[in-house]
Amino acid sequence: MTFARRNERGQAVVLMVISMVAMLGMAAFVLDVGAWYRTKRHLQGTADAAALAGAQKLPENPGAARSLALTYADENGGNVSPSDISVNASSDTITVTARRTDAGFFSGVLGIASAKIDARATARVGPPAEALHVAPMVVFCDHPDIHNCDGTSTPEFGVLTKMDYDPLGAPGAFGMLNLFNDNGTPGSSDEAEWILHGFNKYLGLGDYRSDPGAKFSSQQIQGALDAKIGTVLLFPVYRKLSGTGQNAIYDIMGWIGFYLTGYTVHGNNATLEGYFTEFIAQGVLSGSGGGAPGSGSSSSFGVRTIQLIE
């Protein structure tokens with residue numbers, strides 16, 4: 001009886017040793033998996049940055065898009081080769097894949113010597129159906145430097161122009177929008193904030209109320225304009241103006257960038273000086289979600305938005 005009990009104790013020690021080896025092996029494997037997961041996240045960041053950078057050159061220059069994507073990938077850890085970057089046939093989407101093989105320091109106990117890790121990102125570029133940081137100035141789609149009410153033309157970028165304030169919507173002038181889009185009248189502080197920083201919510205296509213009460217004599221508004229000289233303002237573009245005064249409604253069909261070089265004030269009115277320009281805006285692409293107060297496909301006036309779609 002005594003001999004049998006000693007045998008059982010020996011078996012228990014063997015089983016315990018085997019269990020500890022298995023537990024240590026699993027713990028070591030978990031450490032490797034954690035390291036591979038960190039590598040995956042790093043590769044995803046590289047792929048995301050490269051895709052977003054390359055999309056800035058689309059759709060006009062796919063070759064430059066690939067080159068810029070590769071440059072950004074190299075600056076963010078590498079692991080991307082030229083063959084890992086592709087632009088689709090319509091040149092509005094770029095895909096970047098980052099790849100790397102990491103050795104397993106502990107997982108070899110379980111027969112896993114290494115892991116092939118990859119991450120992919122796809123960015124798409126196009127006109128926004130919703131835009132962030134919009135200025136309250138609105139211009140007509142048939143402005144002499146735009147001429148793009150049907151969405152088939154390209155505005156004349158870089159041509160110096162002057163635009164007078166005109167609440168009645170003269171083709172070569174600009175109007176003012178109530179970006180709150182309610183029945184009230186924005187104050188000078190509201191307009192100044194919109195000029196300086198843009199509206200702080202995403203605005204969709206559709207109908208917006210006019211702000212007929214010009215306030216350019218306000219020191220707040222003039223201070224905001226002073227601060228924006230030498231920068232680009234994001235203007236809504238309208239195709240139709242109905243009604244008058246506070247009841248006037250602008251039908252917004254897209255957005256355009258305006259590089260402000262100066263302005264002059266005439267009482268409560270003003271003249272803006274500068275030129276229309278291409279611009280990459282923060283926004284939501286058409287087909288990526290409903291807009292408010294309107295939604296749908298935006299006409300292109302040189303304003304593009306870039307989004308990661310994968």
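I began at Thr 271, which is buried, with a relative accessible area of 6%. Buried means under 20% relative accessible area, exposed over 50%, and partly exposed in between, with a 1.4 Å probe and protein chains only. The model is predicted, so I kept to its conditions: local features need pLDDT of at least 70, side-chain atom pairs count only at pLDDT 80 or more, and totals for chains, interfaces and linings use all residues. Residues are numbered from 1 along each chain as its sequence is written, and side-chain values use heavy atoms, with hydrogens and water left out.

**Entry: Thr 271**

I placed Thr 271 in strand E12, residues 269-277. Helices (H or I, at least four residues) and strands (E, at least two) are DSSP runs, numbered from the N terminus. What does the side chain of Thr 271 make a polar contact with? I found the side chain of Asp 164 at 2.5 Å and the side chain of His 266 at 3.0 Å. A polar contact is a pair of N or O atoms within 3.5 Å; within protein, one must be able to donate a hydrogen and the other to accept it, and residues adjacent in sequence count only if both atoms are side-chain atoms. Leaving aside neighbours within four places in sequence, I listed the contacts of Thr 271, among them Lys 162, Met 163, Gly 262 and Tyr 263. Contact means heavy atoms within 4.5 Å.

**Entry: the disulfide**

I looked for disulfides (cysteine sulfur atoms within 2.5 Å) and found one in the structure. It joins Cys 141 to Cys 149, S to S 1.9 Å. The link of Cys 141 and Cys 149 is right-handed, with 95 degrees about the S-S bond. Is each cysteine buried or partly exposed? Cys 141 is buried at 0% relative accessibility, and Cys 149 is partly exposed at 32%.

I found Cys 141 in the loop between strand E5 (137-140) and strand E6 (161-164). Cys 141 and Gly 254 are 113 residues apart in sequence, and 8.8 Å apart in space, C-alpha to C-alpha. Leaving aside neighbours within four places in sequence, Cys 141 is in contact with residues including Val 237, Tyr 238, Met 253 and Phe 301.

**Entry: strand E5**

I checked which way the side chains of E5 point. Met 137 and Val 139 point one way, Val 138 and Phe 140 the other way, and all are buried. E5 runs antiparallel to strand E7 (residues 174-176), with three bridges; there, Val 138 has Gly 175 as its bridge partner. E5 runs parallel to strand E10 (residues 232-242), with two bridges, and Val 139 is partnered with Val 237. Two strands pair if DSSP finds at least two bridges between them.

**Entry: a five-stranded sheet**

I traced an open sheet of five strands in the order E1-E2-E3-E15-E13, with mixed pairing. Strands E1 (85-87) and E13 (279-280) stand at the edges, each with a single partner strand, so one side of each is left without a neighbour in the sheet. Helix H2 (residues 62-75) packs on the sheet and touches E1 and E2.

**Entry: the whole chain**

I noted four helices and 15 strands in the protein chain. Of its 310 residues, 43% count as buried. Among contacts between residues at least 6 apart in sequence, 71% join residues at least 24 apart.

Definitions and conventions. Axes are lines fitted to C-alpha atoms, for helices over the stretch in contact, and angles run from 0 to 180 degrees between N-to-C directions.
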